Amino acid sequence: MARISLAGFKDPARRPRYIIWTGAAVLAMAAFVIVALGATSTRWFCAEVCHKVQDDTIIAYRASSHANISCMACHMPVNADPVTFLLHKATALGELYLTATNKFEIPLNAESHLALDTKHMPASQCTQCHSMSNRDVTPSDGIIIDHQTHIDEDITCTFCHNRVAHPEWDVQLVNVDPSTGELNRGHENFMEMTACYRCHSLEKDALAPGECSACHPEGFKLKPDNHDKTGFVKVPGEELAPHAEMAREDLERVAHATEGEGEVEAKASLLGVRKAYASSGGEEAVTETQRTEDGWHVVSVKAVSYCSTCHEKDEFCTGCHGMSIPHDAYFTEPTGTVPANAEFSGGHPEASKEKLAKCEMCHEQSKTFFCDKCHHGSKVGGWEFDTKVAWKTQHAAAVREKGAPGCLGECHDQKLCNDCHDKEKPLPSSHKAGDWLRKPAEKIGVHAESAKKEITACEVCHGAGGTDAKFCKGCHK
């Protein structure tokens with residue numbers, strides 16, 4: 001095995017040559033390290049070598065206001081010493097392995113964990129250039145921002161400005177996620193109003209106030225333009241108004257966001273859902289924004305309800321609808337054990353008796369036959385209810401085709417039918433047919449065939465007792 005010999009340094013004749021060559025090797029190695037560190041710290045290297053497979057990040061960077069700022073200025077600790085600098089470079093070698101093995105992440109830093117990391121992205125990363133003591137802050141019209149309050153609460157700059165150097169909103173994303181084959185979905189924008197409500201809320205125990213006046217000046221138009229459109233609250237003849245459709249989509253988005261590898265159960269409420277989905281790494285989901293010893297734990301923007309940024313469910317939605325919205329499964333199908341939190345123990349039948357006007361407000365049974373489509377449709381042996389025709393007109397055909405037991409067994413008793421028929425005294429069209437009493441040259445008439453098929457239908461008008469009923473006996477002595 002070869003050994004490094006120091007004999008040359010001990011030999012007076014060879015010592016000068018050994019010292020010169022050793023010095024040259026050290027200088028060459030130092031020059032190589034300096035050049036390598038310098039080259040790997042350039043924007044060219046970051047864009048064309050290290051993150052070449054993540055072009056979206058580079059495209060967004062070049063379109064940003066920081067396009068002329070070195071990557072190292074933001075992604076290297078401020079005033080880093082040589083040891084910290086070298087350790088950072090050594091850690092970054094992990095990116096080379098992920099790139100070579102095609103295991104890189106699309107999008108890079110998908111959940112913006114770096115922006116929320118107070119250790120690796122403290123406020124000093126930004127204030128080294130943007131001193132808040134002498135900087136004029138120019139927020140968008142209608143926005144009030146108290147940066148000092150946020151600084152005092154240890155809210156770092158990237159907590160809100162997460163994509164300031166990589167804005168994706170006005171660029172065309174081109175990357176495809178190698179694991180799913182889908183186009184890069186991009187990142188959440190922490191500058192949107194819903195992102196503010198990761199901490200701000202109308203709830204009494206909120207970390208920060210959610211009232212409009214906290215962030216908007218007097219006179220600012222608070223209501224979104226879509227709320228001012230005709231028919232936003234209710235469209236005549238339509239079951240679902242635009243505001244309800246928007247609320248439903250908001251609920252579905254939030255519910256989807258709360259589902260993940262952390263198996264977080266989505267709340268069955270329309271507003272105020274403040275749970276985040278688990279990250280792709282399967283870590284425990286953040287259920288509420290809070291500060292702990294290891295920093296801030298923040299819910300996902302996707303898990304914040306857009307509607308709840310202005311409206312409190314209990315006071316606003318329920319105040320108008322008169323009951324919780326949307327209806328839960330028990331409310332729709334009140335069967336089995338009554339849930340402990342059931343608003344109406346008898347589900348919607350009980351609610352409709354108490355709040356008929358509220359039901360009519362949305363469902364317009366008098367115009368749309370909303371209730372009939374189920375109660376006089378699918379529940380009657382699968383009858384195809386004609387929404388353009390009142391039930392009173394088509395119920396006879398349904399009874400004739402599907403039978404009376406479906407009505408009597410589900411909802412009605414015999415008395416209901418008798419009371420109506422006694423009052424209206426309707427004569428079915430079948431009774432007017434020439435062969436109703438007796439078919440020509442036959443011993444039996446259509447009325448007898450109908451009685452044999454379902455005599456309970458006859459009893460509605462002619463009285464109970466089957467073939468022994470007084471009505472039948474009056475003819476069949």
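The model is predicted, so local features need pLDDT of at least 70 and side-chain atom pairs count only at pLDDT 80 or more, while totals for chains, interfaces and linings use all residues. Residues are numbered from 1 along each chain as its sequence is written, and side-chain values use heavy atoms, with hydrogens and water left out.

**Overall build**

- The protein chain has 23 helices and 4 strands; these are DSSP runs numbered from the N terminus, with helices being H or I of at least four residues and strands being E of at least two.
- Its radius of gyration is 37 Å, well over the 23 Å that the globule rule gives for 477 residues, so the chain is more spread out than a compact globule. (The radius is taken over C-alpha atoms, and the rule is 2.2 Å times the number of residues to the power 0.38.)
- Along the principal axes, the C-alpha atoms fill a box of roughly 145 × 65 × 40 Å.
- Buried residues make up 28% of the 477; buried means under 20% relative accessible area, exposed over 50%, and partly exposed in between, using a 1.4 Å probe and protein chains only.

**The second largest pocket**

- This pocket has a volume of about 1,800 Å³. On a 1 Å grid over the protein atoms alone, a pocket is an open set of points where a 1.4 Å probe fits, with protein on both sides within 12 Å along at least five of seven lines. The volume is the space filled by probe spheres set on the points, which are joined across faces, edges and corners.
- Its lining has 48 residues, with Pro 428, His 431, Ala 457, Cys 458 and Cys 461 nearest the centre; a lining residue has an atom within 4 Å of a point.
- Helix H18 gives the largest share of the lining, 7 residues.

**Aromatic rings**

- The whole structure holds 4 aromatic pairs. Rings of Phe, Tyr and Trp (its six-membered ring) pair if their centres lie within 6.5 Å; planes under 30 degrees apart are stacked, over 60 edge-to-face, and the rest tilted.
- Trp 44 and Phe 45 make a tilted pair, 6.5 Å centre to centre with 55 degrees between the planes. Trp 44 is exposed at 56% relative accessible area, while Phe 45 is partly exposed at 22%.
- Phe 331 and Phe 344 sit edge-to-face, at 6.2 Å and 65 degrees. Phe 331 is in helix H13 and Phe 344 in the loop between H13 and helix H14, 13 residues apart, and both are buried.
- Phe 369, Phe 385 and Trp 391 are joined into a cluster by ring pairs.

- Most residues other than glycine have a negative phi, and most peptide bonds are trans.
- Which peptide bond has omega near -5 degrees? That's the cis bond from Ile 106 to Pro 107, and Pro 107 is in the loop between helix H6 and helix H7.
- Another cis bond joins Ile 325 and Pro 326, with omega about 0 degrees.
- Asp 154 isn't a glycine, yet its phi is positive at about 65 degrees; with a relative accessible area of 40%, Asp 154 is partly exposed.
- Lys 425 also has a positive phi, near 50 degrees. Lys 425 is in the loop between H20 and H21 and is exposed, at 65%.
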